[in-house]
Amino acid sequence: MFKIKDKVVYSLGLMSGTSLDGVDIAYCRHENNKHELIHFKSYLYSNDLKERILKASVPSTSTVEDICSLHAELGDVYSDCIEQFLKDFNLSIEDIYFISNHGQTIWHIPNETNTHKKSTLQIGDASRISYRFNKIVVYDFRTLDMASGGVGAPLVPIFDYIYYKEHAPIILLNIGGISNITYIPKNAKPSDLVAFDTGPGNMLIDGVMERLYDMPFDEGGNTAKKGMVSRHLLDYLFNDEYYDAPYPKATGREKYTNTFIEEILNYANTLKLEKEDIISTITYFTSFVVKYQIKKFFKGFNGKLLVSGGGANNKYIVDNLEDEDYQVILSEDLDVPSDAKEAFAFSVLGYLRLTNQTSNVKSVTGAKDNLSLGSIILPSIINEE
């Protein structure tokens with residue numbers, strides 16, 4: 001498509017996830033379908049911006065005016081982060097062939113309802129990024145899959161297949177705001193992959209930490225380690241048909257809302273639980289539903305479970321993923337920093353789009369067709385005499 005498959009090109013991959021931490025940026029090298037992560041860094045959102053994104057992501061507090069304005073503002077925020085990244089690593093924008101940006105998910109409707117179409121919305125105006133740097137920008141990765149009948153998630157499995165198939169059998173677990181897994185059996189073809197969202201990652205933990213401790217997250221899982229798991233609260237959390245539902249399936253903030261967090265806290269109060277017991281139980285729940293679905297959907301799995309994402313820094317989560325049937329390892333053990341994986345992955349998805357290669361996995365999302373995902377903005381500044 002862009003005749004770059006046999007050339008060496010460099011890109012920036014941007015990811016801003018449902019945890020609302022900020023912007024992850026990966027600087028990557030691509031040549032002949034081989035991909036290398038060279039540099040990575042995260043840039044935090046300001047507390048004010050994080051609060052406004054969260055407000056815009058909740059139906060009861062969002063307005064079309066806020067979402068419209070944030071769409072433009074985030075485009076500038078992403079551009080500012082790119083400029084800082086280039087300075088931090090002494091890079092020139094002239095060396096970058098394309099920028100690949102996931103955007104910030106505001107809402108995701110994976111299934112048709114009586115009142116709403118299957119749909120998704122990621123904001124962060126890619127036109128502003130393209131204009132600032134006069135570069136190709138690939139963005140809007142999820143909507144085409146949904147147009148083809150898919151659930152638009154997860155999209156990282158094709159990257160997992162490209163990068164980790166030699167380590168099969170393996171399950172890749174990414175713990176961001178939401179947790180998702182990709183299963184790669186031995187000698188797999190892309191159509192053999194299975195992937196889906198398992199449920200909450202850091203989203204519930206962060207929300208409850210904010211309310212109980214006025215802290216944005218539980219660093220290292222240290223608060224969770226001090227508490228005891230409540231069987232009653234665990235049963236309350238697990239009382240949800242999603243965890244037994246067949247794949248393809250996806251979930252997000254639209255399920256694990258502020259209202260749901262208040263319901264959890266209200267129920268925990270009736271149980272007279274200590275604050276650290278609530279955090280311990282919710283954190284344990286993240287690991288519990290992952291293990292439950294591995295046992296349910298991949299009976300007899302005895303390979304490696306590779307953990308990445310911000311949740312990989314929570315030792316309480318990782319410790320509770322341990323199992324006698326498989327080995328738990330961190331993304332760093334296979335040379336990709338845990339926090340960098342998704343930004344790296346979307347850089348690769350941008351490359352696949354520009355080379356017109358399939359980047360969705362029909363068996364994963366439920367789409368009808370193999371698709372090369374992402375919209376493209378070309379450099380548009382015209383220098384005329």
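Here are some notes on the strands, cysteines and aromatic rings of this predicted model.

1. A word on the ground rules. Residues are numbered from 1 along each chain as its sequence is written, and side-chain values use heavy atoms, with hydrogens and water left out. As this is a predicted model, local features need pLDDT of at least 70 and side-chain atom pairs count only at pLDDT 80 or more, while totals for chains, interfaces and linings use all residues.

2. Let me start with strand β2 (residues 22-31), where eight of the 10 residues are buried. Buried stands for under 20% relative accessible area, exposed for over 50% and partly exposed for what lies in between, with a 1.4 Å probe and protein chains only. Strands here are DSSP runs of E with at least two residues, and helices are runs of H or I with at least four, numbered from the N terminus.

3. β2 has a partner in strand β1 (residues 8-16), antiparallel over eight bridges, and another in strand β3 (residues 34-44), also antiparallel, with 10 bridges. Pairing requires that DSSP finds at least two bridges between the strands. The β1-β2 hairpin has five residues between its strands, and Leu 20 there takes a positive phi near 60°. Between β2 and β3 there are two residues, and Asn 32 in that turn has a positive phi of about 50°.

4. Cys 28 is buried, at a relative accessible area of 0%, whereas Cys 68 is exposed at 55%.

5. Leu 306 has Ile 329 as its bridge partner in β11. The chain passes from β10 to β11 through helix α11 (residues 315-321) in a right-handed β-α-β crossover; that is, with the strands pointing away from the viewer, the path from the first strand over the helix to the second runs clockwise.

6. The structure holds 24 aromatic pairs. Rings of Phe, Tyr and Trp (its six-membered ring) pair if their centres lie within 6.5 Å; planes under 30 degrees apart are stacked, over 60 edge-to-face and the rest tilted. Phe 159 and Tyr 163 are stacked, at 5.5 Å centre to centre and 15° between the planes. Both lie in helix α5 (residues 157-164), four residues apart, about one turn of the helix. Phe 159 is buried at 1%, while Tyr 163 is partly exposed at 27%.

7. Phe 238 and Tyr 292 make an edge-to-face pair, because their centres are 4.9 Å apart and their planes at 80°. Phe 238 is in helix α8 (residues 231-238) and Tyr 292 in helix α10 (residues 275-297), so the pair ties together parts 54 residues apart in sequence.

8. Two lysines also deserve a look: Lys 249 lies over the face of Tyr 242, at 4.5 Å from the ring centre, and Lys 275 over that of Tyr 213, at 4.4 Å. The criterion is NZ of Lys or CZ of Arg within 6 Å of the ring centre and within 35 degrees of the ring normal.
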